[in-house]
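Trainee: Please take a close look at one part with me. I would like to see where the pieces of this protein meet.

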Amino acid sequence: MQLKSTPTMVEDFLMLNPGPVPLSKNVRDEMARTLVSHRSPEFAETYQQFRDGLDYVFRHSTIDGSSSTDNGMSIPLMGTATMGMESAIINLAGPKDEVVALDNGKFGERFVDIADRNCLVKPIRANWGDSFDMDSIKETITSNTHLVAMVHQDTSTGIMNPIKEVGEIAKENGAFFVVDGVSCIGGDEFKIDEWGVDVVVADAQKALAAPPGISAIFATEHALESFDNTHAGYYQDLPAYVKTTKQNKTPFTSAVTLVRAFVVALENIKEEGIQNRISRHRTQALANRAAFADMGLPMFPNLNDHSDYSNTVTVVDLPTPISDNSSDFFKAMKQRNVTASGGHAHLKNLILRMSNMGDLSTAQVLRGIQTVGEALCDCEINVDTDSALDIAEKIL
Ligand SMILES: Cc1ncc(COP(=O)(O)O)c(C=O)c1O
């Protein structure tokens, strides 16, 4: 029996939403294997592989594959990245601690909300998709700041924020630096020590190309020594996670099937080589950007000298009249068995968000571009899809 909502042409269905992303066949197959107990020696062995794979990706996400830190550890979490974002904050900061949280997109806003519930939050806000003003960051982070929280590449807007610069300011003021690396880790560069990062959060379902449901953080020695569960919820007790991770288990029941699939996804990354994977993501993002520019779709993020475009998700303005109601446009894409995303909240109809995260081939990226072009034409926006494809093909 198959669930009614499962697309029938499974192999032909191409999901270009910015997470969850398509899974490779060996990752999907892994989930069909006979279950073992989460307290069995077999699973402990799998868990060690899981930690090794995470260490490889967290430490070696550099252009030349060299290690960006020689201390700290990867800590898998049995919840999605929001659990990682929240647990990092509540195990490092208490109700009386000042947390500066930067918000220029949906996930920056989430950091503000988490900090607001648990600490003394001092938000730094820009309109979603706009770049941060470095002067106001320098003024806001002071020696009273206990922790700074920031999103590296905000999947809701396609902007890449200035982690290195903000990390320097956080360090100068003796503050912890917690970074949401969700749509970056596994697809782009991430330098832990050089950027002054104490905790970085990754999600299974983004550029790591594993099934959704679990996540991981990497914590440096400084963060590990400072974790304090006094104000952390029972399920987000990071000292408990650290202790059990070292024993190759989780504090509570492990998501055995998801962990196993994640291990295979990490093996796929190792086989490709993280440097090659970063370079492929950058090239694919460049191709998407060039193709959309050729179709006359402006990039949504407003860059300044300190920001850049994400290399894992491309976000462009949708033209009028689609931006009045984008449902026909997304339906036209879906009729071609390809999906992408619109915007969150007030950006719902205004933007197209197209992922190149995970294990996409050149043909799949081109198919995404072709589908966007054809769907625009269906909505009476006449674009030259062949020209856009030519441009993208040359880059790829
Ligand atoms: C940048 C970023 N951070 C955090 C999250 C939250 O992830 P989850 O919903 O899996 O907890 C997402 C999800 O899309 C994201 O894109």
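Mentor: Domain 1 covers 10-21 + 273-395, and domain 2 covers 25-272. The bounds come from an automatic or database domain assignment. This is a predicted model: local features need pLDDT of at least 70, side-chain atom pairs count only at pLDDT 80 or more, and totals for chains, interfaces and linings use all residues. Residues are numbered from 1 along each chain as its sequence is written.

Now the meeting place. Taken over C-alpha atoms, the centres of domain 1 and domain 2 are 26 Å apart. In domain 1, 32 residues are in contact with 36 residues of domain 2 (contact: C-beta atoms, placed from the backbone, within 7 Å). On the domain 1 side, helix H10 (274-294), E11 and strand E12 (313-317) each supply at least two residues. Helices (H or I, at least four residues) and strands (E, at least two) are DSSP runs, numbered from the N terminus. H10 gives the largest share of that side, 6 residues. By class, the side has 13 nonpolar, 15 polar and 4 charged residues. Here Ala, Val, Leu, Ile, Met, Phe, Trp, Tyr, Cys and Pro count as nonpolar, Asp, Glu, Lys and Arg as charged, and the others, Gly among them, as polar.

An open sheet of 3 strands runs in the order E6-E7-E11, with antiparallel pairing (strands pair if DSSP finds at least two bridges between them). Strand E6 (153-154) and strand E11 (308-309) are its edges, each pairing on one side only. Strand E7 (residues 159-160) joins E11 over 2 bridges. There, methionine 160 stands opposite aspartate 308 of E11.

Conventions: Two residues are in contact if their C-beta atoms, placed from the backbone, lie within 7 Å.
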